[in-house]
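Biologist: I am new to this kind of model, and I would like to learn how its features are read. Could we go through it together?

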Amino acid sequence: MAGTGGGRPSVYPTLVYADAKAAIRQLTEAFGFTEASVYEGEDGSVLHAELVQGNGAVMLGSKGRGGVFDTAMKDAGPCGVYVVVDDVDAHHLQAVEHGADILMPPTDQDYGSRDYMARDIEGNIWSFGTYAPEIQT
């Protein structure tokens, strides 16, 4: 199994968007991600972007750029991504203030987590909560 030298995460959800620039704005402004890198093509499309939240990250790009991944994702439906946050209520408030489509308000779960759920501008489901599973290696 591959290592994760330098404390880097070993799993990166990767999404493609029809309007990747708008998705980056929503993910940073409403959901608190930070841009680590954004590479654009000559036509202004997002070739590759990395957005960071805590010690994890997502990668994304524009649909329709061609290539194996873009072709494979062509007919893919929305996906779901879970992100651990320290203060669910404050995070939810930020998302609401930026017009995010909230599917479930902050809710205490039976297993001890507090989380909420939102839909991004292209239908992907983002869950934000306090549950952080211990990974045994």
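Predicted model: local features only at pLDDT ≥ 70, side-chain atom pairs only at ≥ 80, totals over all residues.

Modeller: Residues are numbered from 1 along each chain as its sequence is written, and side-chain values use heavy atoms, with hydrogens and water left out.

Biologist: In what order do the four strands form the open sheet?

Modeller: Helices (H or I, at least four residues) and strands (E, at least two) are DSSP runs numbered from the N terminus, and two strands pair if DSSP finds at least two bridges between them. Here the order is β1-β4-β3-β2, with mixed pairing. Because β1 (14-17) and β2 (34-40) each have a single partner strand, they stand at the edges, and one side of each is left without a neighbour in the sheet. From one strand to the next, the twist averages 20 degrees, where axes are lines fitted to C-alpha atoms, for helices over the stretch in contact, and angles run from 0 to 180 degrees between N-to-C directions.

Biologist: In which sense do β2 and β3 pair, and over how many bridges?

Modeller: Strand β3 (residues 46-53) and β2 pair in the antiparallel sense, over six bridges. Helix α1 (residues 20-29) lies across β1, β2, β3 and β4 (56-62), and runs at about 5 degrees to β3.

Biologist: Is S37 buried or exposed?

Modeller: Buried means under 20% relative accessible area, exposed over 50%, and partly exposed in between (1.4 Å probe, protein chains only). S37 has a relative accessible area of 13%, and therefore counts as buried. This residue is in strand β2 and stands opposite E50 in β3. Not counting residues up to four places away in sequence, S37 touches H48, A49 and E50, contact meaning heavy atoms within 4.5 Å.

Biologist: Where is D19, and which residues is D19 in contact with beyond its sequence neighbours?

Modeller: D19 is in the loop between β1 and α1, and is partly exposed, with a relative accessible area of 38%. Leaving aside neighbours within four places in sequence, D19 is in contact with I121 and E122.

Biologist: Which residues make the nonpolar surface patch?

Modeller: Y82, V84, Y111 and Y131 make this patch, of about 420 Å². Y131 is in the segment after β8 (125-129), and its 42% relative accessibility is why Y131 counts as partly exposed. Accessible areas come from the Shrake-Rupley method with a 1.4 Å probe, and for residues only the protein chains shown count as cover.

Technical notes. Patch = residues over 30% accessible without salt bridge, like charges linked within 9 Å, V, L, I, M, F, W, Y side chains within 5 Å. Salt bridge = Lys/Arg side-chain N within 4 Å of Asp/Glu carboxyl O.
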